[in-house]
Amino acid sequence: MADTVLYEVTEGLATITLNRPEAMNALSTEAKDALRDTLREAAGDPAVRAVLLTANGRAFCVGQDLKEHVATLRAGRPEGGRTMNTVQEHYNPIVTAIATMAKPVVAGVNGVAAGAGAGFAFAADYRVVADTASFNTSFAGVALSADSGASWTLPRLVGPARAADLLMFPRSVSAQQALEWGIAQQVVPVGELPAAALAVARRLAEGPTVAYAAIKESLAYGAGHSLIETLVKEDELQERAGTSEDHRIAVEAFLKKEKPKYVGR
């Protein structure tokens with residue numbers, strides 16, 4: 001993989017690190033290609049039971065590399081092509097991988113998350129945020145619509161009225177405000193962020209993977225379906241979890257008053 005994104009798998013945990021600190025992890029084409037491909041690799045690797053998405057430097061990700069983007073705009077739309085093809089080629093598959101992989105994704109937000117960078121964090125299942133970090137949708141600030149899934153994820157985190165406010169009037173949302181509004185699940189001192197995010201991701205990697213995948217799927221399904229339809233889906237997913245090896249391990253451990261050691265199956 002390109003060194004704009006680092007990838008490591010250790011004891012069931014895949015750590016994906018954005019690695020353009022000199023550019024505040026702005027998303028160049030190379031970085032977007034690498035991030036998309038590493039997420040797909042993690043999603044498809046049965047040895048990976050959880051994913052930690054984080055970044056090097058003082059920013060999590062400031063979104064699209066505008067220096068690269070302006071060159072594309074100046075070149076004009078290619079004949080028969082699209083000016084904004086990066087949404088289709090990069091942002092959509094990146095967010096799809098984060099939101100739909102059958103394993104939990106933790107975002108360790110070490111600094112500002114703006115534009116698509118915020119969108120990637122919103123798509124994660126759990127956000128551990130440094131107290132000096134912030135979120136900014138940014139899109140309308142450069143006369144763009146929402147992308148990277150923000151129009152779907154943000155209303156589900158903060159409600160539709162606040163999401164419209166944040167998208168139409170982009171501004172920095174502090175870590176503390178993000179915690180109060182439900183964007184962040186945990187805020188820690190910036191120096192403790194790497195260890196805190198790793199601890200959450202490690203706990204998930206050691207947990208009941210099949211159950212986590214079912215919970216993730218049921219939450220996404222319930223967001224767009226009726227109660228009755230969701231009850232049917234819950235029955236389907238509970239059957240899947242109930243026949244897993246991890247469920248049997250958990251029940252046996254409970255009866256023995258022991259801590260279960262899950263295997264992720």
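## The largest pocket

The largest pocket is lined by 28 residues, and those nearest its centre are Ala-99, Asp-125, Lys-216, Leu-219 and Ala-220. Two or more lining residues come from each of helix H3 (85-100), helix H4 (116-123), helix H5 (150-158) and H9. Among the contributors to this lining, H9 gives the most, with seven residues. The structure described here is a predicted model.

The space in the largest pocket amounts to about 760 Å³. By class, its lining divides into 17 nonpolar, four polar and seven charged residues.

## The enclosed cavity

How many cavities of 30 Å³ or more does a search of the whole structure find? The search finds one. The volume of the largest cavity is about 40 Å³.

Nine positions can be listed around this space by name: Phe-122, Phe-135, Asn-136, Thr-137, Leu-154, Leu-166, Arg-171, Val-173 and Ile-183 line the largest cavity. In terms of class, six residues of the lining are nonpolar, two are polar and one is charged.

## The four-stranded sheet

Four strands form an open sheet in the order E4-E6-E8-E9, and their pairing is mixed. Its edge strands, each of which pairs on one side only, are strand E4 (59-61) and strand E9 (173-174).

Within this sheet, strand E6 (residues 112-114) pairs with strand E8 (residues 134-136) in the parallel sense, over two bridges. Ala-114 stands opposite Asn-136 in E8.

Strand E1 (residues 5-10) is paired with E2 in the antiparallel sense, over six bridges. E1 and E2 form a hairpin with two residues between them. In the turn, Glu-11 has a positive phi of about 50 degrees.

## The loop between E2 and H1

Arg-20 is located in the loop that runs between strand E2 (13-18) and helix H1 (29-44). Is this arginine buried or exposed? Arg-20 has a relative accessible area of 16%, and because the limit for a buried residue is under 20%, Arg-20 counts as buried. Its side chain reaches the backbone oxygen of Ala-26 at 2.8 Å. With neighbours within four places in sequence left aside, Arg-20 is in contact with Thr-4, Asn-25, Ala-26, Leu-27, Ser-28, Ala-31 and Asp-65.

Asn-25, one of those contacts, has its place in the loop between E2 and H1. Its relative accessibility is 2%, so Asn-25 counts as buried. Asn-25 is not a glycine, yet its phi is positive, at about 55 degrees.

Thr-209 lies in helix H9 (residues 209-222), the helix that gives the most to the lining of the largest pocket. This threonine counts as buried because its relative accessibility is 8%. The C-alpha atoms of Thr-209 and Val-48 are separated by 9.6 Å, although the two residues are 161 residues apart along the chain. Apart from neighbours within four places in sequence, Thr-209 is in contact with Arg-49, Ala-102, Asp-246 and Gly-264.

Thr-230 lies in helix H10 (residues 227-242). It has a relative accessibility of 12% and therefore counts as buried. Between the C-alpha atoms of Thr-230 and Ser-218, which are twelve residues apart along the chain, the separation is 7.5 Å. If residues up to four places away in sequence are not counted, Thr-230 touches Tyr-221, Gly-222 and His-225.

## The segment after H11

Lys-257 is found in the segment after helix H11 (245-256). At 80% relative accessibility, Lys-257 counts as exposed, since the limit for that class is over 50%. Phi of Lys-257 is positive and near 60 degrees, in a residue other than glycine. A positive phi also belongs to Asn-25, but Asn-25 counts as buried at 2% relative accessibility.

Terms used: Residues are numbered from 1 along each chain as its sequence is written. This is a predicted model: local features need pLDDT of at least 70, side-chain atom pairs count only at pLDDT 80 or more; totals for chains, interfaces and linings use all residues. Side-chain values use heavy atoms; hydrogens and water are left out. On a 1 Å grid over the protein atoms alone, a cavity is a set of points where a 1.4 Å probe fits but cannot get out, and a pocket is an open set with protein on both sides within 12 Å along at least five of seven lines; lining residues have an atom within 4 Å of a point. Grid points are joined across faces, edges and corners, and a volume is the space filled by probe spheres set on the points. Ala, Val, Leu, Ile, Met, Phe, Trp, Tyr, Cys and Pro count as nonpolar, Asp, Glu, Lys and Arg as charged, and the others, Gly among them, as polar. Buried means under 20% relative accessible area, exposed over 50%, partly exposed in between (1.4 Å probe, protein chains only). A polar contact is a pair of N or O atoms within 3.5 Å; within protein, one must be able to donate a hydrogen and the other to accept it, and residues adjacent in sequence count only if both atoms are side-chain atoms. Contact means heavy atoms within 4.5 Å. Two strands pair if DSSP finds at least two bridges between them.
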